[in-house]
Amino acid sequence: MPGKPRIGVSRCLLGDEVRHDGRHKRNSTLLEILGPRVEWVPVCPELEVGMGVPREAVHLVAHADGIRLLGVDSRMDWTDTMTAWARGRIEDLERLDLSGFVLKADSPSCGAKDVHVLSDAGERRDGRGVFADALLRMLPDLPVIDERELENPERREQFIRRALGYHARRT
Ligand code: SF4
């Protein structure tokens, strides 16, 4: 009988203090409802790429050549570093037989959709975090949900069913 599915998770949702301000975003639904049914594989792209804790906050900015991940004050451009790191990390995750991923909403690194993007015309909400974008492109069939959708019992159960099915097909 297959063991518990391995599920990637934006690490701050587990209660780890890895956010730019040294705080966490502990999500009790994730820990209490999903936790007993899965094996977590925590990932914090900003920490793992070397930004440190605490660190300067970053945001998505629209440029002529695409969306960039920039330091809010310094304008330091993390896009290429984060993209290259994400590629390698996602290949490693695939080797771990990941069966799903729970992403932090609204993050310029982890947000799967509707992330704030600063543009000349003002702020839009149609961005995708740089790590999340790589994850969704490289593993298009992987079941993915964000913390906000997790609060919807129907969406949550659908995610769990898909992750268990994905897991069963790979074991
Ligand atoms: S949202 Fe992603 S990058 Fe930001 S602290 Fe959480 S895990 Fe790290």
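Mentor: Let's start with burial: a residue is buried if 20 or more other C-beta atoms lie within 10 Å of its own, exposed if 12 or fewer, and partly exposed in between, with C-beta atoms placed from the backbone. In helix α4, Val-130, Phe-131, Ala-132, Ala-134 and Leu-135 are buried. Keep in mind that this is a predicted model: local features need pLDDT of at least 70, side-chain atom pairs count only at pLDDT 80 or more, and totals for chains, interfaces and linings use all residues. Residues are numbered from 1 along each chain as its sequence is written.

Trainee: What do the buried residues of α4 pack against?

Mentor: Contact here means that the C-beta atoms of two residues, placed from the backbone, lie within 7 Å. Helices (H or I, at least four residues) and strands (E, at least two) are DSSP runs, numbered from the N terminus. The buried residues of α4 pack against α2, β4, α3 (79–95) and β5.

Trainee: Which residues of the largest nonpolar core touch the most other members?

Mentor: A nonpolar core is a set of buried Ala, Val, Leu, Ile, Met, Phe, Trp, Tyr and Cys residues joined through C-beta atoms within 7 Å. The largest one has 41 residues, and Leu-69, Met-82, Phe-101, Val-102, Leu-103 and Phe-131 touch the most other members. Helix α4 (residues 130–138) gives the largest share of this core, 5 residues. Take Leu-103: leaving out residues up to four places away in sequence, Leu-103 touches Ser-10, Cys-110, Gly-111, Ala-112, Ala-132, Val-144 and Asp-146.

Trainee: And the sheet of 4 strands: what is its order?

Mentor: Two strands pair if DSSP finds at least two bridges between them. This open sheet runs β2-β1-β5-β8, with parallel pairing. At the edges sit β2 (39–43) and β8 (144–146), each pairing on one side only. For angles, axes are lines fitted to C-alpha atoms, for helices over the stretch in contact, and values run from 0 to 180 degrees between N-to-C directions. On average, and with direction ignored, neighbouring strands of this sheet are turned by 25 degrees against each other. Helix α6 (residues 153–170) packs on the sheet, touching β1 (6–10), β5 and β8, and its direction makes about 155 degrees with that of β5. As for bridges, β5 (residues 98–103) and β8 run parallel and are joined by 3 of them; Val-102 has Ile-145 as its bridge partner in β8.

Trainee: Which strands does β3 pair with, and in which sense?

Mentor: β3 (residues 58–63) pairs with β4 (residues 66–71) in the antiparallel sense over 6 bridges. The two form a hairpin with 2 residues between them, and His-63 has Gly-66 as its bridge partner in β4. β3 also pairs with β6 (residues 115–119), in the parallel sense over 2 bridges. There, Val-61 is bridged to Leu-118.

Trainee: Back to burial, then: is Asp-80 buried or exposed?

Mentor: Asp-80, in helix α3, counts as exposed because its C-beta neighbours inside 10 Å number 11. Its C-alpha atom is 8.7 Å from that of Arg-68, 12 residues apart along the chain.

Trainee: How many residues surround the ligand?

Mentor: A residue is near a molecule if its C-beta atom, placed from the backbone, lies within 6 Å of it. Here 13 residues surround the ligand, the closest being Cys-12, Cys-44, Lys-104, Ser-107 and Cys-110. Helix α2 (residues 45–48) supplies the largest share of the shell, 3 residues.
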